[in-house]
Amino acid sequence: QGPLSHRNYLINGAMAVAQRGTSEVNVSSNKYANAPDRWKFEGNNCGTYTVSQSTESPDGFGYSYKFDCTTANTSLSGTEVLDFEQRIEGKNLQSFAKGTSSAKEFALSFYVKTNKTGTYVVLLLDGDNARMCGKTYTVSNTNWNRYTLIYPADTSGAFTNDVNLSLSVKFVLVAGPSFQSGTLATTWASAANGNSRVGQLNFADNTSNEWHITGIQLEVGPVATPFEHRGYSDELARCQRYCWVTKYISAAQIAMGTSWNADSVGGVIHLPVPMRADPQMT
C-alpha cells in the first residue's frame, strides 16, 4: 500500500549514524546517549547499562544498538521502567490518516538478538490525543530474528500536523507493577499506565543480560516490507534535523563575526540542514 521509497517513518533504524559517540557506560536515566542517533534511553530505577553502537548485526546490516546490563534490579516496584524510544513529529505521520475514516494500520518490523528470552512489549503512544496501543513479541532463542507487529488503524484522534511530538515508538525492556496491573491494550485506547506494558519480562534481573536491535521500520499498511536501506548521507541529514555535532567550530572562528561592543561578538554558524526547532548549544 505504500511507496517504493520513503516507506520507513523511523530515522536511523539501521543504527548507522552515531554523532555523539559509539558507547557510554553507567546509563540509568533519560537521555540520548553516546550511541546511535534518534534513539532515546527512557529509564526510571531500571538498573544501569552500557549502551553502544555494536558491530554485531544480522546479515545485510552493519550495526545494532546494544544494551548491556551492568547493575541489576531483581525486584521491580512502582513505576520502574525502561523504554527504548524514538519520537516522531506530526508532519511526518499524516499518511497514516489517523483520526479519520480512512485511517491506516501501522506495520512495525525489526531484528532482535538477546540472551534474555521471553515476552517483550512494544508500545505506540499517541502524544497528541493520549491514546496507546501495545503488541508483544516472544524471543525463544538467542539468534537474530526478525519480528513483525501490525497495529490496527485508529479512527479516533488525528496527529497534529506540526513539528512537535505526535507518536512515540517504545520498545519496552523493564516495566514495574504500576505498568502491568491491568490488561494490555492491543487495540487503540486511552493511555493508562496499568494497561501499557502488561506481560513484559524484567530485562534488568541479571548483569549477564544483553539485547541488540536493528533494522527497525515503521510503515503504513497491514504488511511489513523488507527494510528500506537508505544511504548514509541521507540518514545523517535526517538525524541532523534534531542534533548536529561538529568538531570544527572554535571560539576564534565564531569571534570572526561582528563586534557589537567590548563584550559582544556576533557570528554565523551554517547548519547542514534546517533544524526542527531553534537549537540549544552544548
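## Ground rules

The model is predicted, so local features need pLDDT of at least 70 and side-chain atom pairs count only at pLDDT 80 or more, while totals for chains, interfaces and linings use all residues. Residues are numbered from 1 along each chain as its sequence is written, and side-chain values use heavy atoms, with hydrogens and water left out.

## The largest pocket

The largest pocket holds about 1000 Å³ of space. Its lining has 29 residues, and Tyr 242, Cys 243, Trp 244, Met 275 and Gln 280 sit closest to the centre. (A pocket here is an open set of points on a 1 Å grid where a 1.4 Å probe fits, with protein on both sides within 12 Å along at least five of seven lines; lining residues have an atom within 4 Å of a point.)

Strand β5, residues 81-89, gives the most to this lining, with 3 residues. (Strands are DSSP runs of E, at least two residues, and helices are runs of H or I, at least four.)

## The second largest pocket

Here there's about 300 Å³ of space. Of its 17 lining residues, Asn 8, Tyr 9, Ile 11, Asn 92 and Arg 238 are the closest to the centre. β5 turns up again with the largest share, 4 residues, and α1 (232-240) supplies at least two.

## Glu 24

Glu 24 is in strand β1, residues 23-27. Glu 24 counts as buried because its relative accessibility is 15% (the cut-off is under 20%, with a 1.4 Å probe and protein chains only). A polar atom of the Glu 24 side chain lies 2.9 Å from the backbone nitrogen of Asn 34.

Note on methods:
Points joined across faces, edges and corners; volume = space filled by probe spheres on them. Buried < 20%, exposed > 50% of the residue type's maximum accessible area, 1.4 Å probe, protein only. Polar contact = N/O pair within 3.5 Å; in protein donor to acceptor, adjacent residues only side chain to side chain.
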